[in-house]
Structure formats: C-alpha cells, structure tokens
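Subject: Structure handover

Hello,

The structure we talked about is below.

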Amino acid sequence: MPGDILDSVINIEKNFYGGGFLKGQDRGMKEGTIEGYGFGIRQGALISKEVHSMSSFSKNILDRASNRIPKRAQKVLLDLIKMCADFEYENQEDLTGIFDELKARYRQALSILGIQPIISSDLSF
C-alpha cells in the first residue's frame, strides 16, 4: 500500500513534468519563430541598405569623375554596379558568399581610388 502511494506521487510528478515540457516547447517554438522573423527583417534591411549604398557610390563616382579616374577603376565600378543590380535578395543558397564578393569589390574600388572607407559593414550571419 505505501508503495502504491509513492508510485502515484512519482507518476503525478512525471505527468506534470512532461506536460510542462510540452507546453514550454510549444511556446518556445512560437516565440523563436517570431524573434527569428524580426531578426530576418532587420538583417535584410541592412543588406539592402549596404547594396544600395555601394551601387549609389559607384554610380556617383562614374557620373562625376569618370574622365579623371583610371580605366581600371572604371571597370571595377561598372562591375560593382552590375553585381549590385544582379543581387537577388530571396532564396539564395550562398547569400553570405555573394554579399562578401560585393564588399570585396567595393573595397577594391576604394583602394584603387585611394579612398579611405568611412562606413564599415558589421553585418554578421
């Protein structure tokens, strides 16, 4: 008889623990999804801002000083403009790799032009 009471108490504890675990897991999945969605929107906005900034920079330099910059710089800037225009924001397997290529080309253009970068990308994935 005392063993039955102890077994009942242990079963109640297991049931409460299991029920609480399932409720906590469900709540965590919902909150994680919401938090992940918000993080994705913020990261996407930062990426879009950087890509547009690199493209605008390149276009402005070419519009205002194309006859005063080296041909190599013109080629790099034109390549950067094309890469920015071709950049796809959705469903990319290697978003970070492509974005890193854009940043590398931007740094190359700055280096050729002898411009110190003012804005540093702190995006991390």
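A residue counts as buried under 20% relative accessible area, exposed over 50%, and partly exposed in between (1.4 Å probe, protein chains only). This is a predicted model, in which local features need pLDDT of at least 70 and side-chain atom pairs count only at pLDDT 80 or more, while totals for chains, interfaces and linings use all residues. Residues are numbered from 1 along each chain as its sequence is written, and side-chain values use heavy atoms, with hydrogens and water left out.

Salt bridges

A salt bridge here is a side-chain nitrogen of Lys or Arg within 4 Å of a carboxyl oxygen of Asp or Glu. That rule gives six salt bridges. Helices are DSSP runs of H or I with at least four residues, numbered from the N terminus.

Lys-82 pairs with Asp-86, with 2.6 Å between the closest N and O atoms. The two sit four residues apart in helix H2, so about one helical turn separates them. Lys-82 is exposed, at 53% relative accessibility, whereas Asp-86 is partly exposed at 46%.

Lys-75 forms a salt bridge with Asp-79, where the closest N and O atoms are 2.9 Å apart. Both are in helix H2, four residues apart, again about one turn. Lys-75 is exposed, with a relative accessible area of 51%, and Asp-79 is partly exposed, with 26%.

In helix H3, Lys-103 and Asp-100 are three residues apart, about one turn of the helix. Their closest N and O atoms are 3.6 Å apart. Lys-103 is buried at 14% relative accessibility, while Asp-100 is partly exposed at 39%.

Helix packing

How do helices H2 and H3 cross? The axes of H2 (residues 71-86) and H3 (residues 95-113) come within 9 Å and cross at roughly 155°. The axes are lines fitted to C-alpha atoms over the stretch in contact, and the angles run from 0 to 180 degrees between N-to-C directions. H2 is therefore roughly antiparallel to H3 (an angle over 145 degrees).

The contact (heavy atoms within 4.5 Å) involves residues including Val-76, Leu-80 and Met-83 of H2, and Leu-102, Tyr-106 and Ile-112 of H3. By type, the contact residues are eleven nonpolar, one polar and four charged. Nonpolar covers Ala, Val, Leu, Ile, Met, Phe, Trp, Tyr, Cys and Pro; charged covers Asp, Glu, Lys and Arg; the others, Gly among them, are polar.

Regards

Note on methods
Parallel < 35°, antiparallel > 145°, perpendicular 65-115°, else oblique.
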